Amino acid sequence: MSLLSLSFPICKLQRAEFSELNLAAYVTGGCMVDMQVVRNGTKVVRSFKPDFILVRQHAYSMALGEDYRSLVIGLQYGGLPAINSLYSIYNFCSKPWVFSQLIKIFHSLGPEKFPLVEQTFFPNHKPMLTAPHFPVVVKLGHAHAGMGKIKVENQHDYQDITSMVAMAKTYATTEAFIDSKYDIRIQKIGSNYKAYMRTSISGNWKANTGSAMLEQVAMTERYRLWVDSCSEMFGGLDICAVKAVHSKDGRDYIIEVMDSSMPLIGEHVEEDKQLMADLVVSKMSQLLMPGGTVPSPLRPWAPQTKPAKSPGQAQLGPPLGQSQPRPPTQGGPRHAQSPQPPRSGSPSQQRLSPQGQQPLSPSSGSPQQQRSPGSPQLSRASGGSSPNQASKPGTTLTSQPRPPVQGRSTSQQSEESKKPAPPHPHLNKSQSLTNSLSTSDTSQRGTPSEDEAKAETIRNLRKSFASLFSD
């Protein structure tokens, strides 16, 4: 097992076996590890606080009498990140427990895509009466490297093995013996895949016992599906391997899956070690480095910005779409302003002016006059219109997104001159014209022809304002 202590910007690597470690874990203080080292023939205890762990040793083995599950619990208690995760390391301390995950994948993918070997689990020796067929392979407890596996040829040998299970006081599994041609191992380290074929030379039914010939084979999509499916168990395995056997009748059988404690084989051992080192560095940069590659959850999307307001906008009036706080004018109550879709001729009304001005008002130069429903809309006043024409009955200053018009037909002017104007205070006239002038000042600067029209309109409004007070 490798323990990494991270002291920015230096990373110290400590290597030790479970037997050389002891620890104390705290709720807020993390985990403090004591490691025994030999210096000048004397055992010395070194204490440090690890930041990351790479587990390359089995935490539990019944055959060797090694049980370091309490250390795994302590490391998990201290909240230490690891490869593989400490949660998966603890779950891999029981092979039948891991095999139950393979059964789930078998039912999900089917026997064609995921050919799992037939296996039977017994919690103790009592239900082990007989096997459905012989020969069978009996596996006792949790062991590695071919230990605890026995090939049983007949019923008499099977009864003898049952008595051994009773003495061991453990669980056992039985599976049909497969006369294999060679073994298959598919390993995955991060995003790197390799497949190996191992053929026994000594003739032993265990291909990992005695002499065997090992060679790398092509990585097929079938093999990739096996290892990818197994790498998803227990929250995800960064390092794992699938073991299978290829029978003499040409069929494959998946028998086991291994985690990060798997032994490295073949002629690419150094390359696999480098892949593991790169994987550890990548995980550490994501979890431990300040300002690492993990995207911040504070700004997952760009914030929705509102149009900026100029200092004087609060005095010039509320923005587009809100009611104007003006008193009732010109012959009765105003018509309610209903929201209208923007016209195709004025797309600039929904964005800021190019020179950082206020948000564009919909009047584009001068207030637009609107008659009551059913009557034609009036165009903007031109140079020869009457001063009182802007305050005719039934017309209000609205926020219609209509482009400015430079002139007005003679029929519209004569029709307006015939309508009687009821008496109303000069105060209302001045406020209406003042609001109109304020709205025109906040408009966007358009093309030269539009600027000339705006300037002419402003001059006309000023003349109307002067003649209003001259009355």
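In helix 5 (residues 221-230), Tyr223, Trp226, Val227, Ser229 and Cys230 are buried, meaning under 20% relative accessible area with a 1.4 Å probe, protein chains only. Seen down the helix axis, these buried residues fall within an arc of 165°, so they line one face of helix 5; the arc is taken from the directions from the axis to the C-beta atoms. This is a predicted model, in which local features need pLDDT of at least 70, side-chain atom pairs count only at pLDDT 80 or more, and totals for chains, interfaces and linings use all residues. Residues are numbered from 1 along each chain, and side-chain values use heavy atoms, without hydrogens and water.

**Around helix 5**
- The cover over the buried residues of helix 5 includes helix 3, strand 14, strand 15, strand 17 (239-247) and strand 18.
- Helices (H or I, at least four residues) and strands (E, at least two) are DSSP runs numbered from the N terminus.

**Second largest pocket**
- About 750 Å³ of space lies in the second largest pocket.
- Its lining has 43 residues, and Lys95, His144, Lys243, Glu256 and Met258 lie nearest the centre.
- A pocket is an open set of points on a 1 Å grid, with protein on both sides within 12 Å along at least five of seven lines, and lining residues have an atom within 4 Å of a point.
- Helix 3 (95-109) gives the largest share of this lining, five residues.

**Threonine 162**
- Threonine 162 belongs to helix 4 (residues 155-168) and is buried, at a relative accessible area of 10%.
- Apart from neighbours within four places in sequence, threonine 162 is in contact (heavy atoms within 4.5 Å) with His125 and Met128.

Conventions
Buried < 20%, exposed > 50% of the residue type's maximum accessible area, 1.4 Å probe, protein only. 1 Å grid on protein atoms, 1.4 Å probe; cavity = no way out; pocket = protein on both sides within 12 Å on 5 of 7 lines; lining within 4 Å. Points joined across faces, edges and corners; volume = space filled by probe spheres on them.
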